[in-house]
Every structure is written in C-alpha cells, then in structure tokens.
Amino acid sequence: MRSIKRTWRLIRRGYQEHRRLVRDIALVCLADGLVGASFGAIAVSSGLPFWLPMLLSVLVFAGASQFIFIALVASGGNPFAAVLAGVLVNLRHVPLGFAVADVLGQKMTHKLWGAFLMVDETVAFSIAQKTLTERRVAYWTCGIGLFLCWNLGTLLGSYAGGFITDTAVFGLDAAFPAVLLALLLPSLKDAALLRAALLGGLIAVLSAPLLPAGVPVLLGLLGMLAAWPQKAQTEGKEAVQ
Amino acid sequence: MSLVLLAATAVLAIATFAFRFGGVALRQRIKLSARVERLMTVAVVALFGGLVLTSAFIEGHGFAGFARPAGVLVAGVLAWRKAPFVLVVLAAALTAAALRLLGVP
C-alpha cells in the first residue's frame, strides 16, 4: 500500500514537471487504444476465440506481430507459420533494447518490467528526450500508458465485435508512422543521421515486397553505412567542442 | 485447436520478451567506446527510418495507397515547422481519413 502511494506521488510529480511530454504520450496512448480496439474486433469477427486477442495483448504486447499472427491463424494458416512470422516482426526489439538499456538502469526488476513494456513508441519517445530523467519519465509513462490503453482497447474491441474493425477510416494507420517521424525529426538535423535514416528507409521499403514482414525493417539497419564517411569529421567536431 | 493457439501465443510471447530483455542485457554487459556509441545512435536512427517508411508506404507486401503516406507527409512538414505534437498526429490521421473519404485509396 505504501509503495502504491509512493508510486502515485512519483507519477503526480512526474506529471507536474513534464506535463507537455505526458500529454503528448497520452495522445499516442489514445490512438493506440483505438487500434487495439480494431485488433480485438478483427480477431473476434474473423472467428477466433474471445480470449485469444486478449491473451496476445497482455503477453505479447507488440501490435504489428499480433495483427500478423491473427491474420495467419484466422485464414487457416499453420500456427507455426504464424508464430514464426510474429517472431520475425519482433526481432527488431533486440536493437531497440540495446538503445534503451541505459534508461532502464541496473535494477533487475526495472530491467524485466522495462523490457516487457518495450515497443516502438516507448523507445522513440524515450530517445527523443534530452536528459536521463526525461528519458526515464518518457519510457515508463509511455510503456505503462500504452500497455493499459492497448489492453483496454483490445478488451472493448473483442466485446463490441464489429464496431471498429477498420481504423483506416479514421486515418489511424497514418498516426503511427507520423508519431515516429515527429520523434525522429530533431536527430535528423545531423546530416550523417539523416543519410542513415533515408538509406535505412529506402532499403526497408524496396525489400518489403520480397521479404517476410519484419525482415525489411531489420535490413534498414544497413542504413548505418550511409553515415560512415562523415564519422571521422563528426568526431573531430565533437572533440573541438 | 485452442491448445495449439495457447501454445503458439506462449511461444510468441516468450520469444518477444527474450528479444527485448536480450537487447537490454547484452548492452549492459558490453563496454562501448565513444565511436561505437555513435555507431549505435546511427543504427537506431537507421532502424527507425526503416520503420517509418515501411509503416507509411507498405501494407502486407504491397503499396499501402496514397492516403497514408500523404498523411505522414503532412505530419512531417508540420513537425519540421515545429508545430505542437498533438497537431502533427491529428493532421496525419485527418489527412488520411479525408483523402479516403474523397475516394483516394
């Protein structure tokens, strides 16, 4: 009980100090909640048992892989193939975990829960912040908020069945890349990073028609190559500063 | 069938968690030089570049249609002009929704 009160006080203080950040995160949580509702509705309306979308949202908590998983299972596909596809899509979480390791710190419980709550939006919000405290606030607020909204959305969607099966009507499918782009944009002022992002994006988009989902985004890591020539120069500049 | 689905969900959940935790644990075991730190930043930006463009342009294995990338483009311009985040996200959704209402795929 005491620890709940303490946590609540921390959340309130965090909100007061980082109000704008928390509000931005809340908007993303709301949008993802609606996508979660469409996930639940699509799963149940394509004949899958009610508990399946719920269980996926609680345990897997990774939107793209969940959609691919239910699409393959519902179309009568082999469940092994569905798992394999989901696993491929989530492989990018390894480099993402690499990127936020310092935000999670050394405490084992933080590492375990933090890893569990890791999704694209959490990582993007976190690395877009300037100080370590802000990174931590962004990571945990976004992670916990998204987990709650995603699961609440899935539950409502599964119950209500067909009420939102197509979030495309609301343009919500454009919200996800827009959020990531807005968070990425400040770091693209660095010319080398811009080249890396563009090459990574190009490789991913061009390979997407040919490769299974998830692999093209991983291949995007090759975009690093575009930052190579500039590296020595940038380091020199940093050394001067 | 239920049992198979239950097992499949469990395997996907365990693998996903293992990737997430694995990345975190691996990073904390390795001491990185400033050069490699910089390379890591580049890697993450490249990864997000791939994620932004594929989620803007690709649906399944094909082109997602014009409405979605148009929404993302509007959002990108607004973000670049330093518009508030709320406006950026809403503009993306509204642009895509409006174009679809007009019959653009």
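Q: Is A:His93 buried or exposed?

A: Buried means under 20% relative accessible area, exposed over 50% and partly exposed in between, with a 1.4 Å probe and protein chains only. A:His93 has 0% relative accessibility, so A:His93 counts as buried. This is a predicted model, in which local features need pLDDT of at least 70, side-chain atom pairs count only at pLDDT 80 or more, and totals for chains, interfaces and linings use all residues. Residues are numbered from 1 along each chain as its sequence is written, chains are lettered from A in the order in which they are written, and side-chain values use heavy atoms, without hydrogens and water.

Q: Where does A:His93 lie, and which residues is A:His93 in contact with?

A: Helices are DSSP runs (H or I, at least four residues), numbered from the N terminus, and contact means heavy atoms within 4.5 Å. A:His93 lies in helix H6 of chain A, residues 93-104. Leaving aside neighbours within four places in sequence, A:His93 is in contact with A:Ala62, A:Met118 and A:Val119, and with B:Thr16, B:Phe19 and B:Arg20.

Q: Which residues does B:Leu47 touch?

A: B:Leu47 is found in helix H2 of chain B and is buried, with a relative accessible area of 2%. Not counting residues up to four places away in sequence, B:Leu47 touches A:Arg92, A:Pro95, A:Leu96, A:Val217, A:Leu218, A:Gly220 and A:Leu221.

Q: How many residues of chain B are in contact with chain A, and what is the area buried between them?

A: Buried area is the accessible area (1.4 Å probe) that two parts lose on being put together, summed over both. Here 60 residues of chain B are in contact with 90 residues of chain A. The buried area is about 6,500 Å², and carbon and sulfur atoms give 80% of it.

Q: How many salt bridges are there between chain B and chain A?

A: A salt bridge is a side-chain nitrogen of Lys or Arg within 4 Å of a carboxyl oxygen of Asp or Glu. The count between chain B and chain A is three. One of them joins B:Arg100 to A:Asp173, with the closest N and O atoms 2.7 Å apart.

Q: What span should helix H10 of chain A have, and how many of its residues are buried?

A: The expected span of a helix is 1.5 Å times one less than its number of residues. The 13 residues of H10(A), 172-184, should therefore span 18 Å, and the end C-alpha atoms are 19 Å apart, which agrees. Twelve of the 13 residues are buried, among them A:Asp173. The buried residues of H10(A) pack against helices H2 and H8 of chain A, together with H2, H3 and H4 of chain B.

How values were computed
Helices (H or I, at least four residues) and strands (E, at least two) are DSSP runs, numbered from the N terminus.
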